Amino acid sequence: MAQPIDITKFEQLKASGDLPSPKGVALAIIRLIQQEDSSVAELTRVIKTDPAFVGRLIKAANGLTGHGRRAVASVQEALMVLGMPTVRTLALGFSLLSSYRDGRCRNFDYGRYWTGCLVQALAMQAVTKRTRSAAAEETFCLGLLARIGELALATLYPQEYAKVLQQTLEYRDIPLAVLEQRAFAMDHRELGSAMLADWGLPRIFHEPVFFAEHPEESGYAEGSREFVIAHSLQLSSFIAEIFVAEEAERPILVGRLFEIASRLSFDPVTVTEMCDAIVAEWQGWGDLLDLDTQEIPPFSELASRGEAIAASLATEARERDGGLATDGRRVPRGGESLSQGGASAGGAALGLPVGVQPMRVLIVDDDASMRALVRKVLETVGHQVIEAADGRVGMEMALEFQPQLMIVDWVMPEISGLELTRALRQTKIGRSIYILVMTGMEDDDRLIEAFENGVDDFMSKPINPRVLAARLRAGQRVIRLQQELDRDREEIRRFAAELAVSNRRLQEVALTDSLTGFPNRRYAIERIQQEWSVSSRTRRPLSCMVIDVDQFKGYNDAHGHDVGDAVLKQVAGAIKGALRAQDIVARTGGDEFLVICPDTGLDAALACAERVRFAVESAPLPLSGDLLSMSVSIGVATRDTVMGDPDALVKRADQALYLAKNKGRNRIMTAQSLRPGPVLP
């Protein structure tokens, strides 16, 4: 489980007063919601004093309403859709965004940080709508605040954290959290998780924040809510990384995105559609929050470009190199033949072993004659070659050309071969390149230094072409093994993704009623247990409705089962259209439905039930030129202190449904007073 920051140390940080914290109207909102006797009217009055927050709150509420639903237009409606706890966390997040748009940490990009947080919030909301692991409005807030530990360290230790961020550029293979631990004896994951817990976010949210970067280390049971939320955070964080990346980097990152998404059983089509929708949301929110956003092409296009990028880069390299055949060999000019100009200094031709493919090779050396010699050896055996005259250009060409092998001189002006190797090893592309360093120094300590900085092999000057060719063959064996391993991994990844998608579809079938498309009884039992647990932790109200179609047997007897099925589908559509975004509806029996209403007291649940009853009554079924009227009876119950489990809540709603039937049907009833006791802790 998560490794929490030392409590004493965290309390000391809080006492310093330097930790990011809400201010102004947001602080007033948070304090008011914490009061048990606060009312919606009081909260509305406080919120209306901050027009900027009003706009953000209403936009957040509208982001959760389905297509075709009436847009939220007032603070009161937004409060009903979102619920008090979500409003509290939104006030916190938006207050931090307004108050910490900049700061004293020189290397901390505040604008990039906040626009990335916004993308992660929108991505978490989109992912959660598909996984149903939590309420989407809650995970929007979680995504917005998931990286708060980074902002906190930049605020607490601006000079020291600037140095840590500089180190991340120099040592890209060392995770940020490791560098933070060295500098502060804590990292952004620990601090962020502790801050979210201190602000009142439930454990189901603040604990996965600690594991979001490496959810496989969490020990969570696969398929558990914690497992899904931790992997959702990882996926949403990577989506944010793509959004804020440079345009040229995005296609390269999409393949990794699909791999991460497959762990949540998302196929590439689902991911691309989801990300395209997030782009539109991001740009709308960016205008509202005054954050920089960018135009991003469709993700299907990015994926295609990512798959084709290696081939296109190779083509560009051939064009720059003066013309290479499609098999990677240089095209002879003016009667020149490779056999004439391709002998080694010893006079014997060097050839690739049968079945071995030519490589893309980059030579980096400030000595033009040395480059020519090495190039001649390489082209003789059929390798595709480009050159760079110094380390700086070599770095740029390595990232663009993506060679399989590099031959680098140790001593060069500006950037040495060792510095170039170290810089490449800090990039994703550079880690897979086989690097051979040419050197006139054979001191053991210097060679050890070279290997410790990422060099794969070395060769002493002056260069012996036969020895160079032998070392190239040895390097090629390593490269070939790596390619085979990569292919195996890709096949496994694709198989895992296909299997995950199949499993997800099977799971959806197992949990879905085929007639109405609603979740079935099995799902309803699992979900009400989850919402009961959330209610226990947060002391939020929880209500439910049991809905029964009046005289349903009569439709079957009079018109047949086909009409009975049509009645059920018509009723289901009316119910769905009348419910709020936060409500969960399931078909639990032949003509019976269960609606779970999180964060809803009895008064609000009764009002919602009346909307449902009226919607069904107002939607008759067209039948043979006539209209077939329908109605439902609804029993409503809310959790109180005498209920020990979710079954007791559903039974109380069943009792109310029985009363509604006895009173004449087509009505709503409750077996409780309108002011139930407090929720159990």
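**Contacts, burial and charge**

Reader: In which helix is S535 found?

Author: The model is predicted: local features need pLDDT of at least 70, side-chain atom pairs count only at pLDDT 80 or more, and totals for chains, interfaces and linings use all residues. Residues are numbered from 1 along each chain as its sequence is written, and side-chain values use heavy atoms, with hydrogens and water left out. Helices (H or I, at least four residues) and strands (E, at least two) are DSSP runs, numbered from the N terminus. S535 is found in helix α24.

Reader: Is S535 buried or exposed?

Author: Buried means under 20% relative accessible area, exposed over 50%, and partly exposed in between (1.4 Å probe, protein chains only). The relative accessible area of S535 is 2%, so S535 is buried.

Reader: With which residue does the side chain of S535 make a polar contact?

Author: A polar contact is a pair of N or O atoms within 3.5 Å; within protein, one must be able to donate a hydrogen and the other to accept it, and residues adjacent in sequence count only if both atoms are side-chain atoms. For S535 the contact is at 3.2 Å, side chain to side chain. The partner is R639.

Reader: How many salt bridges does the structure hold?

Author: Side chains of opposite charge can pair when their charged atoms come close. A salt bridge is a side-chain nitrogen of Lys or Arg within 4 Å of a carboxyl oxygen of Asp or Glu. The structure's total is 24.

Reader: How many residues apart are R540 and E138, which form a salt bridge?

Author: The closest N and O atoms of R540 and E138 are 2.1 Å apart. R540 sits in the loop between α24 (521–538) and β6 (542–549), and E138 in helix α8 (residues 136–145). The pair links distant parts of the chain, with a separation in residues of 402.

Reader: Are R540 and E138 buried or exposed?

Author: R540 has a relative accessible area of 11%, so R540 is buried. E138 has a relative accessible area of 10%. That value makes E138 buried.

Reader: Where do R256 and E259 lie?

Author: R256 and E259 form a salt bridge, with the closest N and O atoms 3.2 Å apart. R256 is partly exposed at 25% relative accessible area, and E259 is partly exposed at 26%. The two are three residues apart, about one turn of the helix, and both lie in α15 (residues 250–262).

Reader: What separates D557 and K553 along their helix?

Author: Their side chains meet in a salt bridge at 2.8 Å, N to O. D557 is exposed, with a relative accessible area of 56%. Because D557 and K553 are four residues apart in helix α25 (residues 552–559), their separation is about one helical turn.

Reader: With which side chain does R375 make a polar contact?

Author: R375 has its place in helix α19 (residues 368–380). R375 counts as buried because its relative accessibility is 14%. Its side chain makes the polar contact at 2.9 Å, with the side chain of E387.

Reader: How far apart in space are L96 and S21?

Author: L96 lies in helix α6 (residues 84–99). With a relative accessible area of 0%, L96 is buried. L96 and S21 are 75 residues apart in sequence, yet their C-alpha to C-alpha distance is 6.6 Å.

Reader: What is phi of A185?

Author: Most residues other than glycine have a negative phi, and most peptide bonds are trans. A185 lies in the loop between α11 (176–184) and α12 (188–198), and counts as exposed at 53% relative accessibility. Its phi is positive, near 60°.

Reader: What is phi of R665?

Author: R665 is found in the loop between α28 (646–662) and β12 (668–670). At 32% relative accessible area, R665 is partly exposed. Its phi is also a positive value in a residue other than glycine, near 70°.
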